[in-house]
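Opening my notebook on this one.

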Amino acid sequence: MISSTTNKQVKFVNALVKKAKTRREEELFVAEGLRMCSEIPKDRIHTLYISEAFSKTKECKVLREGVKHIELVTDEVFKSLSDTQSPQGILALVKQYHYTLDEVAEANQKTGKPALLMVLETIQDPGNLGTILRAGEGAGVTGVVMDANTADIYNPKVIRSTMGSVYRMPFLYVESVVSLTQELKDRNIRTFAAHLHGKNSYDQESYTGGTAFLIGNEGKGLTDEAADSADCLIRIPMCGKVESLNAAMASGILMYEAARQRR
């Protein structure tokens, strides 16, 4: 049992929680909590850390099954591992996922429907990014593509916000949205940029073919270069004095409109 916060493994987990560079180098990320750990495919669990108190629960017995590397830690040490205010006593180091553009942009294998992508430019809020992945899974999105300036998808706050969707939603980082849009056009995927100067309301376009929605930064929106590279600018009509919506909210409206049309 690990009983000291100076233990090498404790320091290693803390580095994975706090540093994107460490996560990239080790190709691991941290998932914490009963729900997040119960949904991890067993073959992707690198190490499972269990608190002394949680080890005595029925849930622990189920989670331990099929896991090769398990570490028991004291309750006090687990608090130092945790990134939450009320730790549940279960935490996993998970092997990172790697997808290609082919895997992200292909048609939905379950439904046979054309590709439906969310393309994100400089999304900085971890909660927004995680929520987009979660809503995307619910709406039947085939993949999420992010530019190099978007937040790290393996940030623990993003992982929590996905509520498990990060294990199932294909995603990919690219250098820039502009370079991506041409590749999508070559694949017969039409690109729609959510923009204040959109010609048509979002519900006046058709998304039944290959579709990609471009969503910009929370404060500044899409860059002019990214907006200009899209096939079409669309807008979400606003009442009152509201100019724009939260990035995750706007994404949800667009992806569910596409899902509605496809039904």
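Before any area goes down, I note that accessible areas come from the Shrake-Rupley method with a 1.4 Å probe, and for residues only the protein chains shown count as cover. By that method the protein's accessible surface is about 13200 Å², with 48% of it on carbon and sulfur atoms.

Ground rules next. I am looking at a predicted model, where local features need pLDDT of at least 70 and side-chain atom pairs count only at pLDDT 80 or more, while totals for chains, interfaces and linings use all residues. Residues are numbered from 1 along each chain as its sequence is written, and side-chain values use heavy atoms, with hydrogens and water left out.

**Overall build**

I checked the dimensions. Along the principal axes, the C-alpha atoms fill a box of roughly 60 × 40 × 35 Å.

Burial: 49% of the 263 residues count as buried. Buried means under 20% relative accessible area, exposed means over 50%, and partly exposed is in between (1.4 Å probe, protein chains only).

Contacts (heavy atoms within 4.5 Å): among those between residues at least 6 apart in sequence, 75% join residues at least 24 apart.

**The sheet**

I looked up the secondary structure and found 11 helices and 11 strands. These are DSSP runs numbered from the N terminus, with helices (H or I) of at least four residues and strands (E) of at least two. Two strands pair if DSSP finds at least two bridges between them.

At the strand 7 end, 4 bridges pair it in the parallel sense with strand 6 (residues 143-147). There D147 has V174 of strand 7 as its bridge partner.

Strand 8 has two parallel partners in my notes. Strand 10 (residues 211-215) is joined to strand 8 by 4 bridges, and R190 stands opposite T211. Strand 11 (residues 232-235) is joined to strand 8 by 3 bridges, with A193 bridged to L233.

Is T191 buried or exposed? T191 counts as buried, because its relative accessibility is 0%. This residue lies in strand 8 (residues 190-194). Leaving out residues up to four places away in sequence, I listed what T191 touches; among them are A212 and L214, as well as D231 and C232.

T142 lies in the loop between helix 7 and strand 6. At 8% relative accessibility, T142 counts as buried. Beyond four places away in sequence, its contacts include V104, P114, L116, M169 and P170.

T122 sits in the loop between strand 5 (116-120) and helix 7 (126-139). With 22% relative accessibility, T122 counts as partly exposed. Again not counting residues up to four places away, T122 touches D147, N149, T150, N217 and E218. D147 is the residue I noted above as the bridge partner of V174. I also looked at T122 and M163: they are 41 residues apart in sequence and 22 Å apart in space, C-alpha to C-alpha.
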